[in-house]
Amino acid sequence: MDVKIWTLDPMKLAYVEHVGPYTEVDQAWGKLCGWAGPNGIYNERTRFFGIYHDNPEEVPAAELRSEACITVDNESDNAGVVKFKDVPGGKFAVTTHLGPYDTLHDSWVEFYMKWLPASGMEHAEGPCYEQYMNDPNSTKPEQLVTLLLMPLK
């Protein structure tokens with residue numbers, strides 16, 4: 001597994017919360033993108049993130065907490081179900097998952113259960129992130145690129 005250590009800058013996120021199986025977070029994405037597009041939120045700097053708060057090996061699927069997120073420059077008064085938060089930067093281990101989203105779990109298991117213990121590093125407080133590098137609506141599943149980001153102490 002090829003892992004890099006990055007220092008990420010703080011960012012402001014617009015997000016929609018999801019509780020339930022991670023495989024159903026597309027409902028939150030639909031709400032977020034349905035708000036962002038018509039409100040002219042997208043620009044060349046917009047990045048797309050999924051934030052995952054719970055380990056699916058330890059938390060029942062119906063109780064998993066996640067967030068569909070995009071970077072924004074400012075908060076909007078016309079947000080509806082969309083919320084905003086500032087996310088601190090910091091040190092992250094980063095690796096790349098190539099392929100369909102339904103195999104992301106396998107990459108996370110290798111990253112967290114194999115790479116992390118062998119690296120001698122420690123997971124920091126805070127959730128892990130996925131950064132989606134291409135559009136799943138116009139990209140074949142086998143060509144999807146997703147960055148996996150794990151906060152480190």
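**Reading salt bridges and a sheet**

Me: Happy to start with charges: with which residue does Glu44 form a salt bridge?

Reply: Side chains of opposite charge can pair when their charged atoms come close. In this predicted model, the partner of Glu44 is Arg45, with 3.3 Å between the closest N and O atoms.

Me: Is Glu44 buried or exposed?

Reply: Exposed counts from over 50% relative accessible area, so Glu44, at 70%, is exposed. Arg45, at 47%, counts as partly exposed.

Me: Which parts of the chain does the pair of Lys153 and Glu122 link?

Reply: Their side chains meet in a salt bridge at 3.3 Å, N to O. This pair links distant parts of the chain, 31 residues apart: Lys153 sits in the segment after β8, and Glu122 in the loop between α2 and β7. Lys153 is exposed at 60%, while Glu122 is partly exposed at 49%.

Me: How many salt bridges are there?

Reply: The count is nine. There is also a network of salt bridges linking Lys12, Glu75 and Asp86.

Me: Now the sheet, please. What is the order of its eight strands?

Reply: Strands of a sheet pair through backbone hydrogen bonds, either parallel or antiparallel. Here the sheet is open, its pairing is antiparallel, and the order is β1-β6-β8-β7-β3-β4-β2-β5. β1 (4-8) and β5 (83-87) are at the edges with a single partner strand each, so one side of each has no neighbour in the sheet. On average, neighbouring strands are turned by 35 degrees against each other, direction ignored.

Me: How many bridges join β7 to β8?

Reply: Four, between residues 128-132 and 145-151; in β8, Thr146 is the bridge partner of Tyr132.

Me: And which strands does helix α2 lie across?

Reply: Helix α2 (residues 104-119) lies across β1, β6, β7 and β8, at about 35 degrees to β8.

Methods:
Residues numbered from 1 in each chain as written. Predicted model: local features only at pLDDT ≥ 70, side-chain atom pairs only at ≥ 80, totals over all residues. Heavy atoms only, no water. Pairing = 2+ DSSP bridges. Helix = DSSP H or I, 4+ residues; strand = E, 2+ residues; numbered from the N terminus. Axes fitted to C-alpha atoms, helices over the stretch in contact; angles between N-to-C directions. Contact = heavy atoms within 4.5 Å. Salt bridge = Lys/Arg side-chain N within 4 Å of Asp/Glu carboxyl O. Buried < 20%, exposed > 50% of the residue type's maximum accessible area, 1.4 Å probe, protein only.
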